[in-house]
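Work through the exercises below with the structure in view. Try each task before you read its solution.

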Amino acid sequence: MDMAIHFKELDNKLYGFVEGEIDTYTASRLREELEAVNITEGLEIVLNLSKINYMDSTGLGVFVAFYKRTLRENGKVKLVGLSNRLQRLFEITGLSDLMDIETDKKVESRK
Amino acid sequence: MEQLESQYQKILSDYMTDQTEKNLYIAQNFTRQLIQKNISPEDVVSVHKNAVEKLFPRRMSEEQLAYDFLIEVMVHYGMAHREHQSLLQKQAEYEMEMKIATNIQKTLLKTDVPQLSSIDIGMISIPIRKMNGDYVHFLYNREDFLSVAVTDVVGKGVPAALCMSMVKYGLETLDYAYKDPSYVLEVINRVIEKSVDDSMFVSMFYACLDMRKSILSYASAGHEPALHYSAKHNEFFPLESTGLLLGVLPETKYLYNEIVLEENDIVVMMTDGVTEFRAHDEMNSREVISSLIMENKYLSAQQLCNLLYKQIEEIQDFKLSDDFTVVIIKK
Amino acid sequence: MTIKSSVEIITEWDIVEARQLGRDEAKALGFDTVDQARITTAISELARNIYLYARIGVIEIERVETDADTEKKIIVIATDQGPGIEDVRKVMEDGYSTSGGLGAGLPGVNRLMDNMVIQSVMGKGTTIRAEKWLR
């Protein structure tokens with residue numbers, strides 16, 4: 001069970017790539033990594049979740065906390081590359097109406 | 001200490017003359033005594049050194065320094081050893097506290113399944129850890145109304161349990177409004193949003209059955225949709241109703257839907273611990289659940305709950321990864 | 001009668017110097033081998049704490065001998081002008097030393113000696129005083 005996240009800055013946007021499994025054990029590390037992100041006014045953050053092969057509700061909590069902080073600090077966050085499974089998780093929880101989310105397919109078709 | 005020294009000297013001397021297992025066994029029992037009296041490693045070496053000195057005074061002149069050296073080394077070992085001992089004791093204290101907290105939670109969040117004549121109700125709720133992050137709340141008014149709230153706190157263990165107590169008391173103070181799912185969710189949402197940290201949420205499926213009219217009204221706050229088995233159509237329908245998780249935004253509105261429950265209909269409410277098959281990505285868990293119920297629809301509501309748990313536990317190789325809660329009502 | 005001596009801790013070798021001084025004093029006072037080892041290890045831990053976290057400091061050793069035999073004791077005082085210890089109660093908890101920060105190993109020192117007092121002011125420095133009686 002492992003999880004990793006790495007960041008890349010490009011054209012004033014911050015891209016984060018998350019991979020692995022997010023559960024109770026790895027979620028706290030993901031939270032720390034995201035809490036360490038310095039959000040400046042107007043910063044756009046794009047988190048790519050296409051390499052996540054498992055995520056439970058604890059992981060969801062981490063993303064929502066990050067979303068709320070970004071909003072407070074006047075930044076923007078977008079989640080991209082969601083698998084059908086993740087997409088459904090965000091739909092059931094009502095979060096897809098709240099957060100900016102792109103599924104895997106939309107990303108694919110743009111290439 | 002002097003008494004221990006002379007005992008040790010005797011045991012060592014016996015062994016030096018006669019290397020039997022019996023003498024070693026006596027040594028082992030003596031060690032037990034040393035541990036019990038909390039004698040540090042460096043003291044044990046010192047006891048040994050003194051014994052050797054008395055038993056073989058001639059040999060000692062050479063070995064004296066080596067023993068002193070070992071004492072130095074053991075002082076540091078002893079330091080680490082004692083810290084370890086003290087941490088073990090602390091751990092035992094924590095476990096004790098945890099046990100008490102678990103018992104309090106069990107009493108506090110105990111759910112009694114109502115026994116009603118017009119409707120058959122079953123429930124099962126199995127925590128993955130010591131404390132349950134799922135909670136079921138029933139409210140009913142004679143044979144007129146029955147309302148059920150199935151809740152799941154994001155996160156597990158102690159923080160989840162603390163949050164759950166808050167939900168329970170919120171629901172209890174709302175008993176005047178139990179017929180209105182939207183209102184219940186909106187109030188609980190405000191309570192949680194105000195008092196809990198940013199990454200803590202609760203999902204809730206709330207349903208209220210008007211037993212005279214046989215109308216079930218329901219709303220969901222980020223919760224796994226319930227399943228409705230319609231006997232007339234011999235088919236399952238999801239009770240879809242999307243609403244945001246509780247505790248994310250302060251002013252969230254929740255819509256409710258209504259269905260008519262007919263004779264032999266079944267409603268299955270559950271938490272994501274039931275539908276999440278971690279090790280079996282390829283399986284559609286909701287189909288598995290539907291067909292299990294379809295095949296066994298003549299069982300009582302409680303028997304159905306038990307069966308679901310047994311079967312799903314087996315599919316997951318007995319390694320469930322989340323709290324597991326199912327509530328079934330059968331008309 | 002009190003005899004005072006001290007070693008400044010600047011380099012790692014000064015830790016050795018402090019140990020030597022402590023051992024000589026403990027021996028002179030009549031501590032047995034095991035207690036000598038305990039006192040020396042305690043001094044070593046205190047000196048190492050100075051060297052690693054405060055950079056510079058002093059280890060003072062006082063040999064206290066009164067006429068009555070029961071009153072013989074050794075006092076070790078470690079003083080530095082380092083960052084200070086934020087939560088003294090916390091560094092005295094076991095398990096803290098695993099974090100490897102300032103104050104690591106102090107519960108151990110406390111057990112090796114008969115008593116220990118820590119005074120610390122953030123940004124100003126720390127003084128630790130530990131005693132051991134001759135029995």
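**Exercise 1.** What is the mean pLDDT of chain A, and what share of its residues reach 70 or more?

*Solution.* Start with the kind of model: this one is predicted. The mean pLDDT of chain A is 86. Of its residues, 92% reach 70 or more. Next, go element by element. Strand E4 (residues 76–82) of chain A has the highest mean among the elements of the chain, at 93. Helix H4 (residues 104–110) of chain A has the lowest, at 50. Then look at residues 107–111 of chain A, where pLDDT stays under 50. For this stretch the model has three contacts beyond four places in sequence. Where pLDDT is low, predicted coordinates should not be read in detail.

**Exercise 2.** Which elements of chain C have the lowest and the highest mean pLDDT?

*Solution.* Take the chain average: chain C comes to 88. A score of at least 70 is found for 90% of the residues. Now the elements. Helix H3 (residues 88–91) of chain C is lowest, with a mean of 83. Strand E3 (residues 73–80) of chain C is highest, with 96. For the complex, the predictor gives an ipTM of 0.84 and a pTM of 0.71.

**Exercise 3.** Describe how helix H1 (residues 24–35) of chain A packs with helix H2 (residues 57–72) of chain A.

*Solution.* Two values describe a pair of packed helices: the angle between their axes and the distance between the axes. Here the angle is about 10 degrees, and the axes are 9 Å apart. Angles under 35 degrees count as roughly parallel, so H1(A) is roughly parallel to H2(A). The crossing of H1(A) and H2(A) is right-handed. Now find the residues that meet. H1(A) brings A:Thr24, A:Ala27, A:Leu30, A:Arg31 and A:Leu34. H2(A) brings A:Thr58, A:Gly59, A:Val62, A:Ala65 and A:Phe66. By class, this contact of H1(A) with H2(A) has six nonpolar, three polar and one charged residues.

**Exercise 4.** How many residues does chain B give to its contact with chain C, and which helix of chain B gives the most?

*Solution.* Count each side. Chain B gives 14 residues and chain C gives 12 residues. On the chain B side, helix H3 (41–55) and helix H4 (57–108) each supply at least two residues. H4(B) gives the most, with 11 residues. Sort the chain B side by class: four nonpolar, three polar and seven charged residues.

**Exercise 5.** How many residues of chain B are in contact with chain A?

*Solution.* In this contact, 19 residues of chain B meet 19 residues of chain A. The side of chain B that touches chain A has six nonpolar, six polar and seven charged residues.

Definitions and conventions: Residues numbered from 1 in each chain as written. Chains lettered and ligands numbered in written order. Predicted model: local features only at pLDDT ≥ 70, side-chain atom pairs only at ≥ 80, totals over all residues. Contact = placed C-beta atoms within 7 Å. Helix = DSSP H or I, 4+ residues; strand = E, 2+ residues; numbered from the N terminus. Nonpolar A, V, L, I, M, F, W, Y, C, P; charged D, E, K, R; others polar. pLDDT = per-residue confidence, 0-100. Axes fitted to C-alpha atoms, helices over the stretch in contact; angles between N-to-C directions. Parallel < 35°, antiparallel > 145°, perpendicular 65-115°, else oblique. Left-handed = near helix turned anticlockwise from the far one by under 90°.
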